[in-house]
Amino acid sequence: MSPLKVLSVTSELFPIIKTGGLADVAGALPAALSNEGVQVVSLLPGYPAVLKALGRIETVREYQDLFGRPARLLSATASQLELFIIDAPHLFERPGSPYLTPDGRDWPDNAWRFAALGRIAAEIGQGAVPGFTPDIVHAHDWQAALAPAYLHYSDMPRPGTVITIHNIAFQGIFPADILSELGLPPRSFTVDGVEYYGQIGFLKAGLQLSDRITTVSPTYAKEIQSPEGGMGLDGLLRSRSRDVFGIRNGIDESVWDPTSDISLAAPFTRSTLEKRSINKQALQERLGLEADPDAMLFGVVSRLSEQKGLDLVLAALPSLLTGGAQLALLGAGDRVLEESFRAASIVYPGQVGCFFGYDEELAHLIQGGSDALLVPSRFEPCGLTQLCALHYGSVPIVSRVGGLSDTVIDANEMAIASGVATGVQFAPVNLGGLVDAANRAKMLWSDHEAWRRLQENGMAAEVGWARPARQYARLYRSCLEEV
Ligand code: ADP
C-alpha cells in the first residue's frame, strides 16, 4: 500500500523554530505518523533560523511576485524532517520571533506573511510540486488557516483538508479591505467564508472551510464549543460539531527520555527515582536555591502570560513557601510578570529561583529535579509541560481545564485507593484553588510512599504520540472517503 501523503502547514517546527507547543506537535507528528503509513512533508516559512538549519536544498518553484517580491519554494531536509520552505526574504528575513517585532508587537504585514504560507500550501495541495501531491493538507492554527480557504475557492480538484486549533485565543483577524490583495475572491467575503464580524478571520476561514477540525484534547474540543471557551467561534464550531475532534497531544519520547537525558545531572528510571535527588540538587544550585534535599521544590516551565495563571502563583507565594518549600521558575513573556518574579526572588532569597528566557536544557532539569510542577492555566488546549512532568516523575498540580483535566488523574481518595492517581487537580482557577491544591500536594509529599506511587503512576502514563498518531491517521483516511 502506498503511503498516504500529508502536507503539514505550520508556522513553527521543533527543533528548528519554536515559540510554544505548536512547534513540538508539528515536529513530532511526522515520525509518529510514518509508523501509521502516512508520509508527512512540512511547509514552513523561511525565517533566518530555518534557512540556517537546512541540509540539502533544492529549488522546486520560483515566484516572480509573492505578495510584492520574488520568492522561491525550497525542498529540504533538517533534523530528519522532510520540508518545503518558503524562501521569501521580504516576508521572513527578520530577527527574533516568527510573529513579533523585536519590541514585541505583531509585524504589521503578518496578514501577507501568513497568507503566503496558506497560498503556497494550497498550490502544493493542487500538484504544484511534481513528485509530491498530498492527499491531505493539514493546517495548524491561524497562520496556516487560509490554506483550506484558497483550496475551497479554487476551481481545480483539491485534496482533503484538516485544520488543528492549538489555541483558539489567537485568530488572525485583519481588515476587510485587503481581501483582493490576499488573492481571495469577493465571493469569499461572506459569513460562510472568510468574513468574521466585518473583517477577515484567518482561523475562522479555516474552521469554516476545512473538511475536518481537530483540537488538541477532548475536553478542549468541548470547551471551544461553549460561549465561555469559544472566544467568538463557538457558534461556528457547534454548527460543525460532527466534524470537530479532540486528539490529545503527546510528547516526543526520544527528546523527553529521563533514562538517557543529557540535560539531567542524573538520568533515572521508574525504579531508580531516588536519583532524582541529584537533579534536584543540580537545579537548586543552578537557580541559587538553598541546597536542601528536604525542601519541597515546586517547578514552573511556562510562557509568562495571563493564560498560564502565573499571577496566581505570585499571589500564592507566601502560602506556597511555608515550611521552607521552594520555587524554580523558567519563563519568558510578559514583562510585568517577569519583574514580579524577579522581585519575589529577592524577597525570598534561596527559596525562589528564576531564569527568564528560553532554555531547553533548564526545562528538562526542572522536570527531572522538581518535586511537583505547577500548571495553573486559566485555559489550556492540551498543555505539554504536565505531560513532561508526568514522564519525569514531577507530580503535576494543574487546574481542571482543557487538556490538563484529560491528562492528569487527581489524587482524590478514590483514585488513591484504586492506585491510579497521577497528580493534583484544582478548580475553580483562583488563588484559593491553587493554595488548597498546593497544600494537598504538600500533605501527599510528606508521605513518601504515597508520593512515590504518584510518581510511578505518572511515569507509567501514556504520554507519547503512538495513540494520537493512530487517531490522526484514521481521521485523514475518513476525510479522504468524502472528498
Ligand atoms: P504553550 O504552547 O501554550 O506555550 P505547552 O505546554 O503546550 O504551552 O507547550 C510549551 C512547550 O514549551 C513545552 O515543551 C515547554 O517545555 C516549553 N517551554 C515553555 N516555556 C519555556 C522556556 N522558557 N524555556 C524552554 N522551554 C519552554
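**Entry 1: a pair of strands**

I began with Val375 and looked up its bridge partner in E17, which is Val398. A reminder to myself: this is a predicted model. Then I checked the two strands around that bridge. E16 covers residues 372–375 and E17 covers residues 395–399, and I found four bridges between them, in the parallel sense. As background, I noted that strands of a sheet pair through backbone hydrogen bonds, either parallel or antiparallel.

**Entry 2: the sheet they belong to**

Next I wanted the whole sheet. I found an open sheet of six strands, paired in parallel, and I wrote down the order E15-E14-E13-E16-E17-E18. Which strands stand at the edges? They are E15 (352–356) and E18 (424–426); each has a single partner strand, so one side of each has no neighbour in the sheet. I also looked up the twist, and from one strand to the next it averages 20°.

**Entry 3: helices on the sheet**

I then looked for helices against these strands. Helix H11, residues 310–320, packs on the sheet and touches E13 (297–304), E14 (326–333), E15 and E16. Its direction makes about 160° with that of E13.

**Entry 4: strand E1**

Is E1 buried or exposed? I found five of its six residues (4–9) buried, so E1 is largely enclosed by the rest of the structure. E1 runs parallel to E2 (residues 38–45), joined by six bridges, and parallel to E6 (residues 136–140), joined by four bridges. I followed the chain from E1 through H1 to E2 and noted a right-handed β-α-β crossover.

**Entry 5: H1 against H19**

Having passed through H1, I checked how it meets another helix. The axes of H1 (residues 21–34) and H19 (residues 466–480) come within 9 Å and cross at roughly 75°. That makes H1 roughly perpendicular to H19. On the H1 side I listed Leu29, Ala32 and Leu33, which meet Ala469, Tyr472, Ala473 and Tyr476 in H19. What kinds of residues make up this contact of H1 with H19? I noted seven nonpolar, no polar and no charged.

How values were computed:
Residues numbered from 1 in each chain as written. Predicted model: local features only at pLDDT ≥ 70, side-chain atom pairs only at ≥ 80, totals over all residues. Heavy atoms only, no water. Pairing = 2+ DSSP bridges. Axes fitted to C-alpha atoms, helices over the stretch in contact; angles between N-to-C directions. Contact = heavy atoms within 4.5 Å. Parallel < 35°, antiparallel > 145°, perpendicular 65-115°, else oblique. Nonpolar A, V, L, I, M, F, W, Y, C, P; charged D, E, K, R; others polar. Buried < 20%, exposed > 50% of the residue type's maximum accessible area, 1.4 Å probe, protein only. Right-handed = clockwise from strand over helix to strand, strands pointing away.
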